[in-house]
Amino acid sequence: MPYFESPVDGTRLHYVDHGPVTGPVAVFVASAYVGHEMWEYQMLPLAEAGHRCVALDRRGHGRSDDAWSGYDLDTLADDLNGLLDHLDLREVTLIGHSVGTGEVVRCVTRHGLARVARVALVAGVSPGVVRSPGTPDGVDPEAVRADDEVFRRDRAAYFTALADDFFAAHLPGNQMSPPYVRYLVDRCLSATPRAANGVRAVVAALDLTDELPAMDLPVLVVHGTHDTSAPLALTGERVARLVPDGILKVYENGGHGLFATHAARLTADLREFLDAGAVRAADTVGAAAAGH
């Protein structure tokens with residue numbers, strides 16, 4: 001299976017690479033607790049349509065090695081950039097979900113645009129959901145600490161109890177089969193306890209308010225109206241206002257797990273965004289060639 005070593009500390013990280021190597025490149029960054037498998041409803045059809053789809057299992061998640069350290073946003077962003085370097089990827093569209101959007105944003109603001117052409121932020125917790133200078137209306141930090149105690153006490157019960165809210169299952173069209181819900185809970189539990197708590201700490205400290213205006217590239221923001229993990233007004237709408245070139249697509253009745261409940265629509269929107277980037281890149285190359 002494909003692995004590379006983190007440029008920070010040598011942690012062995014797993015990735016998948018699907019589709020033609022000559023196709024437009026999409027690099028997927030998963031939500032907290034899960035690995036690349038969460039993107040199956042997007043990666044498979046996009047790869048079959050001719051896109052190169054790459055996805056990373058962050059440290060302590062999926063098939064990547066367990067690691068005690070490195071669960072800070074800079075290191076996670078460096079791991080992501082290390083994958084781009086390892087595969088020598090160019091004109092990449094970075095696609096992140098939930099906390100993965102933070103890794104995507106920090107990767108761009110920390111490492112620049114040499115390899116990245118556009119970004120898609122899906123149900124993101126960016127710019128932040130916990131009260132901070134940049135997010136004064138965020139969740140009370142004391143409430144987050146209390147939630148952490150519940151999480152540490154029984155992760156299996158925690159994930160199971162939140163599944164309906166995650167998918168907004170009480171709303172029309174959002175019902176996922178019990179076996180799929182069980183599968184996703186099991187995938188959440190595959191993250192090591194250290195990794196799970198480390199990523200939660202990243203979310204608790206996240207404040208990207210000052211970084212988003214520097215995202216000088218096209219940004220697609222996809223968010224659901226009923227996302228209880230990352231409320232639309234606190235996250236997606238703010239991101240779309242803060243970035244210079246943002247497109248906001250709001251999914252009615254969408255929850256945090258819209259990658260599954262709204263899978264076909266999300267895949268179509270990502271494909272449109274990827275194809276627009278490929279056309280733009282081809283036009284740029286053609287213009288450059290004509291100039292010579």
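This is a predicted model: local features need pLDDT of at least 70, side-chain atom pairs count only at pLDDT 80 or more; totals for chains, interfaces and linings use all residues.
Q: Fine. How many cavities of 30 Å³ or more does the structure hold?
A: One. The space in the largest cavity comes to about 30 Å³.

Q: Which residues line the largest cavity?
A: The lining is made up of Thr101, Leu121, Gly124, Ser126, Val221, His223, Gly236 and Val239.

Q: And how does the lining of the largest cavity split by class?
A: Five of the lining residues are polar and three are nonpolar, with no charged residues.

Q: Ser126 was in your list. What is the peptide bond from Ser126 to Pro127, cis or trans?
A: That bond is cis, and its omega is near 0 degrees.

Q: Where does Pro127 lie?
A: Pro127 is in the loop that runs between β6 (116-122) and α4 (141-153).

Q: What about Ala123, is its phi positive or negative?
A: Positive, at about 50 degrees, although Ala123 is not a glycine. Ala123 also sits in the loop between β6 and α4.

Q: Is Ala123 buried or exposed, and why?
A: Ala123 counts as buried because its relative accessibility is 0%, and the cut-off for buried is under 20%.

Q: Next, Ala168. What is its phi?
A: Phi of Ala168 is near 50 degrees, which is a positive value in a residue other than glycine. Ala168 is in the loop between α5 (155-167) and α6 (178-189).

Q: Is Ala168 buried or exposed?
A: Ala168 has 1% relative accessibility, so it counts as buried.

Q: Switching to helices. At what angle do α4 and α5 pack?
A: The angle is about 115 degrees, and the two axes are 5 Å apart.

Q: Which residues meet there?
A: From α4, Asp147, Val150, Phe151 and Arg153 meet Arg155, Tyr158 and Phe159 from α5.

Q: How does the contact of α4 with α5 split by class?
A: The contact has four nonpolar residues, three charged and no polar ones.

Definitions and conventions. Residues are numbered from 1 along each chain as its sequence is written. Side-chain values use heavy atoms; hydrogens and water are left out. On a 1 Å grid over the protein atoms alone, a cavity is a set of points where a 1.4 Å probe fits but cannot get out, and a pocket is an open set with protein on both sides within 12 Å along at least five of seven lines; lining residues have an atom within 4 Å of a point. Grid points are joined across faces, edges and corners, and a volume is the space filled by probe spheres set on the points. Ala, Val, Leu, Ile, Met, Phe, Trp, Tyr, Cys and Pro count as nonpolar, Asp, Glu, Lys and Arg as charged, and the others, Gly among them, as polar. Helices (H or I, at least four residues) and strands (E, at least two) are DSSP runs, numbered from the N terminus. Buried means under 20% relative accessible area, exposed over 50%, partly exposed in between (1.4 Å probe, protein chains only). Axes are lines fitted to C-alpha atoms, for helices over the stretch in contact, and angles run from 0 to 180 degrees between N-to-C directions. Contact means heavy atoms within 4.5 Å.
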